[in-house]
Amino acid sequence: MADINEIIKEENLVYSKSKILTDNIMSYCPGCTHGVVHKLVAEVIEEMNIQEKTIGVCPVGCSVLAYKFLNIDIQQASHGRAPAVATAVARLKPDKYVFTYQGDGDLASIGTGEIIHACNRGENIVVIFINNGIYGMTGGQMAPTSLIGMPTSTSPYGRDAKLAGNPLKITELIAQLPGTTFVTRQAAHTPAAVRKCKKAILKAFENVGNKKGTSFIEVVSTCSSGWKLSPVKSNEWMVEHMLPFYQLGDLKDE
Amino acid sequence: MADYRLMKGNEVIAEAAIRYGCDGYFGYPITPQSEIMETLMVRKPWEETGMVVLQAESEIAAINMVYGGAACGKKVMTSSSSPGISLKQEGISYIAGAELPCVIVNVVRGGPGLGTIQPGQSDYFQAVKGGGHGDYRLIVIAPASVQEMNDFVGLGFDLAFKYRNPVMILSDGVIGQMMEKVQLGEFKPRWTDEEIIKMNGSWATTGKTSDRERNIITSLELDSSRQEKFNHKLIEKYKTISEKEVRFEKIACDDAEYLFIAYGSSSRICQKAIEIAREKGIKVGLLRPITLFPFPTKQIQAMLKQVKGILTVEMSAGQMIEDVRLAVEGKVPVEHFGRLGGMIPSPNEAVQALEDQIIKGK
């Protein structure tokens with residue numbers, strides 16, 4: 001076996017953790033998509049060399065703790081209100097790269113008003129929208145995005161449209177708003193998907209630099225703990241059930 | 001040269017904000033305070049000072065915009081009236097919990113519910129005792145004139161940044177809507193980004209530079225022992241504020257045998273009531289709390305050597321009276337006189353109440 005000192009030589013280095021990620025142990029469950037998307041956001045900030053110019057806004061949800069993991073100035077926001085918070089940051093500090101990082105319970109339920117209006121005003125921000133069809137932090141309750149028939153702790157017999165309405169494709173709504181410039185739906189369950197997702201995040205941050213308005217990236221995600229499935233099974237379930245309904249691809253790219 | 005104008009209280013809030021170097025105003029229309037945002041939109045301060053003015057989609061969005069701006073170390077504010085202030089309470093609690101400076105103007109109308117669009121003072125409890133969830137205090141200042149609507153914008157920002165605490169200007173529909181002579185302040189330039197970093201860079205999210213750790217604005221602490229420690233830190237701050245920032249005014253108190261205690265527009269009514277009462281030979285004075293938190297408890301106690309009874313006059317069912325009674329500790333009678341639902345007490349009614357409830361009631 002090669003000597004470890006030989007392996008870690010600079011010229012042999014093919015990959016390293018982004019400097020924008022802290023050494024804090026992530027609180028996300030094994031298999032959770034947050035870890036991957038955090039890494040992608042960190043890499044984009046590092047590659048664009050905008051650590052000094054980036055301000056993140058992370059509202060209530062599992063990712064409310066993002067400030068522990070991302071080495072940038074971050075504001076923790078109340079449930080659903082990150083787009084309003086980010087609106088003020090972007091307007092008062094127009095030279096900064098401002099992004100929100102929101103879950104589906106946050107963005108598509110309690111914060112519907114704030115996201116629609118921030119996007120409609122075309123605030124110059126990036127919105128990263130993690131959609132796992134469930135409230136992860138509070139223990140797997142039904143979200144507006146939960147699929148018909150999907151069992152959750154508040155729809156234990158599966159979501160019934162008569163009782164709880166239909167799953168909300170909020171990204172399709174967002175794409176109609178003239179304030180948005182780039183609206184896309186991505187995933188992060190395979191190496192190819194991760195690479196495409198990173199490209200989308202990069203484009204979104206570049207759009208902010210070019211003052212193009214709101215860029216909105218939905219990442220269809222898994223929640224192994226909430227779905228009560230192993231990480232591998234979660235990915236399979238997502239491909240089989242989530243992706244046919246939440247189809248991947250760009251909805252708008254101007 | 002002094003700049004005198006005849007202006008509405010609400011208009012003056014807008015003008016004072018521009019002149020004091022406010023960075024951002026975020027509001028939502030509601031009677032009787034809509035002139036604040038209307039005046040700003042007419043004045044277009046973004047062309048003059050670069051101040052951001054934005055009509056938000058809701059009261060909730062507006063207060064969260066204030067959170068975002070304040071977290072960047074900017075001088076930001078919002079205004080509303082009672083039902084709108086209720087909607088902002090979650091955001092206010094977060095602002096207090098994250099220790100952010102800002103100014104919130106409440107031009108109070110009668111409640112509860114949608115209530116009336118006429119003046120009220122029925123938000124005293126909400127402003128002074130909390131309003132949102134958790135153990136926190138706002139610094140609450142109560143203007144009694146259009147001039148104070150002007151002066152308290154600057155005072156509000158000064159106190160907010162001194163203590164990193166939200167400040168509420170608790171006005172009412174009378175002060176907001178009435179016109180009076182006002183001396184406007186000098187123009188103060190907005191803080192530059194360098195000044196903000198110099199003054200607030202140790203905590204505000206101004207962009208992480210290589211010479212410092214990242215700044216995090218949060219009101220979340222999952223470790224209970226650390227949250228308790230933080231709660232004690234807040235309590236200490238409120239204690240310091242209570243010791244150092246009490247403001248009040250005394251009128252005709254030197255020989256007073258009876259005392260009105262009233263704030264805001266009720267205190268103006270009491271000034272006329274004092275004239276009427278003194279013509280009748282009743283020696284009554286007025287103690288006007290200017291800060292409602294911190295409350296002038298010691299100043300009220302100091303009056304107990306000379307007064308035989310106290311009447312609080314409020315446009316509410318009796319809210320501030322609880323703090324007066326806590327100060328008085330039963331040593332002299334304390335009674336309440338108020339009109340409700342947007343009705344304004346007349347000076348004669350106040351004198352009658354003093355005679356009936358305090359002098360004859362004794």
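## Two helices of chain A

In this predicted model, helix α2 (residues 33-48) of chain A and helix α8 (residues 191-209) of chain A have axes that come within 9 Å and cross at roughly 50 degrees. The crossing in which α2(A) passes α8(A) is right-handed.

On the side of α2(A), the contact is made by A:V36, A:L40, A:V41, A:E43, A:V44 and A:M48, while α8(A) contributes A:V194, A:C197, A:K198, A:I201, A:L202 and A:F205. Sorted by class, the residues in this contact of α2(A) with α8(A) are ten nonpolar and two charged, with no polar residue.

## The open sheet of chain B

Chain B holds an open sheet of seven strands with mixed pairing, in the order β3-β2-β4-β5-β7-β6-β13. Its edges are formed by β3 (52-55) and β13 (291-293) of chain B, each of which pairs on one side only. Direction ignored, neighbouring strands of the sheet are turned by 20 degrees against each other on average.

Within this order, strand β5 (residues 102-108) of chain B pairs with strand β7 (residues 166-172) of chain B in the parallel sense, over seven bridges, and B:V107 stands opposite B:S171 in β7(B). Helix α5 (residues 82-97) of chain B packs on the sheet, where it touches β4 (76-80), β5 and β7 of chain B, and the direction of the helix makes about 160 degrees with that of β5(B).

## Where chain B meets chain A

Between the two chains, 34 residues of chain B are in contact with 30 residues of chain A. On the side of chain B that touches chain A, at least two residues each come from β2 (24-27), β3, α4 (59-71), α5 and β9 (216-217) of chain B, and α4(B) gives the most, with eight residues. By class, this side of chain B has 15 nonpolar, 13 polar and six charged residues.

Strand pairing also links the chains: strand β2 (residues 73-77) of chain A pairs with β9(B) in the parallel sense over two bridges, and A:Q75 stands opposite B:I217 in β9(B).

Conventions: Residues numbered from 1 in each chain as written. Chains lettered and ligands numbered in written order. Predicted model: local features only at pLDDT ≥ 70, side-chain atom pairs only at ≥ 80, totals over all residues. Pairing = 2+ DSSP bridges. Helix = DSSP H or I, 4+ residues; strand = E, 2+ residues; numbered from the N terminus. Axes fitted to C-alpha atoms, helices over the stretch in contact; angles between N-to-C directions. Contact = placed C-beta atoms within 7 Å. Left-handed = near helix turned anticlockwise from the far one by under 90°. Nonpolar A, V, L, I, M, F, W, Y, C, P; charged D, E, K, R; others polar.
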